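Subject: Handover of a structure and notes on its contents

Dear colleague,

Please find below the structure that I am passing on to you. My notes on it follow, and I would be grateful if you read them with the model open.

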Amino acid sequence: MLRKALAFAGSALQQQHQPWRTIACRRSSGVSSAVNSIILRSLKDHYLEVSKMTPPPKVSPPSPFTVVKGALDHGGPVLRRTHGNEEISISVMRLANIIAGGIGDEEEDGINQLFLHVDISKPGQKESLHFLCGLYPDALGIHSVSLRSKTESSGFLAVPTNYGGPVFQDIDEKMRDALHSFIEERGINESLFPFLQAWLYVKDHRNLMRWFKTVGSLVNDRKQGASHA
């Protein structure tokens, strides 16, 4: 149901850019008011429908990972932990955020593949190890390993501009296995999947509710402005 509502929000944004959907200025204010009323009614119906959806059971991240405060409201790291003198942070994305239409109808209600950005840094080091990983309910695989520089002010990863490393599949098999063991030792494994799957559901739900509410407010303001014109 949440995915259908997300699809509605996406199609609504696309329709805004279709010329044949544009309301010409020469049309009467009465027609515009009627269109606004239809939009507001549809937004309200979807808002109420999504608000009644049952959230997934609350899941805690595996120890010793902790949730980054405010993670639901920004696009940065979700989880953090320390390992010796290392600082480890994890960001997560759904496959659908990377490949449009990447999730088919048969997986309507599930998120079976996640992408992790794992950053491992040490004090005094200008660069950190950055792992891009695919996470599944029963497995984790490394897609790439690169070096990243951190910005001094925000602490977030900067866009890489220099050579980060070889293609992961071109690395010797023993080295690949060792790197898998390296992140496994730091708790980067399939045990993260239940929490991150539930966390993404909550984030998508919150963003969708905010989208319906914000669009409704903007359309309603326009409607009220037109009525006073």
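Is Asp 73 buried or exposed? Asp 73 counts as exposed, because its relative accessibility is 53%, above the cut-off of 50%. Please bear in mind throughout that this is a predicted model.

Salt bridges

The structure contains five salt bridges. In one of them, the side chain of Asp 73 meets that of Arg 206, with an N to O distance of 3.2 Å. Arg 206 belongs to helix α4, whereas Asp 73 sits in the loop between β1 (66-67) and β2 (79-83), so this pair ties together parts that lie 133 residues apart in sequence. Arg 206 is partly exposed, at a relative accessible area of 35%.

Asp 73 also forms a salt bridge with Arg 210, where the closest N and O atoms are 3.5 Å apart. Since Arg 210 is in helix α4 and Asp 73 is in the loop between β1 and β2, the parts tied together here are 137 residues apart in sequence. Arg 210 counts as partly exposed, with 39% relative accessibility.

Asp 204 lies in helix α4 and Arg 94 in strand β3, so the pair ties together parts 110 residues apart in sequence. Asp 204 and Arg 94 are both buried.

Surroundings of Glu 86

Strand β3 also holds Glu 86. Glu 86 is buried, with a relative accessible area of 6%. Its side chain makes a polar contact of 2.7 Å with the side chain of Arg 186. Neighbours within four places in sequence aside, the residues in contact with Glu 86 are Arg 81, Ile 120, Ser 121, Lys 122, Phe 182 and Arg 186.

Strand pairing

Strands β3 and β4 run antiparallel and are joined by eight bridges; Met 93 stands opposite Phe 115 in β4. The pairing of β4 with β5 is likewise antiparallel, over seven bridges, and His 117 has Leu 132 in β5 as its bridge partner. The hairpin of β4 and β5 has five residues between its strands, and Gly 124 in this hairpin takes a positive phi near 85°. Seven of the eight residues of β4 are buried, so this strand is largely enclosed by the rest of the structure.

Nonpolar cores

The largest nonpolar core has 30 residues, of which Leu 116, Val 118, Phe 131, Ile 188, Leu 192 and Leu 196 touch the most other members. At least two residues of this core come from each of β3 (86-94), β4 (114-121), β5 (127-136), β6 (139-149), α3 (173-184) and α4 (193-227). Helix α4 gives the most, with five residues. Apart from this core lies another, of 10 residues, including Leu 40, Val 50, Trp 211 and Val 219.

As for Ile 188, residues up to four places away in sequence not being counted, Ile 188 touches Phe 65, Ile 88, Ile 90, Leu 116, Val 118, Leu 140 and Ile 183.

With kind regards

Technical notes: Residues are numbered from 1 along each chain as its sequence is written. This is a predicted model: local features need pLDDT of at least 70, side-chain atom pairs count only at pLDDT 80 or more; totals for chains, interfaces and linings use all residues. Side-chain values use heavy atoms; hydrogens and water are left out. A nonpolar core is a set of buried Ala, Val, Leu, Ile, Met, Phe, Trp, Tyr and Cys residues joined through side-chain atoms within 4.5 Å. Buried means under 20% relative accessible area, exposed over 50%, partly exposed in between (1.4 Å probe, protein chains only). Helices (H or I, at least four residues) and strands (E, at least two) are DSSP runs, numbered from the N terminus. Contact means heavy atoms within 4.5 Å. A salt bridge is a side-chain nitrogen of Lys or Arg within 4 Å of a carboxyl oxygen of Asp or Glu. A polar contact is a pair of N or O atoms within 3.5 Å; within protein, one must be able to donate a hydrogen and the other to accept it, and residues adjacent in sequence count only if both atoms are side-chain atoms. Two strands pair if DSSP finds at least two bridges between them.
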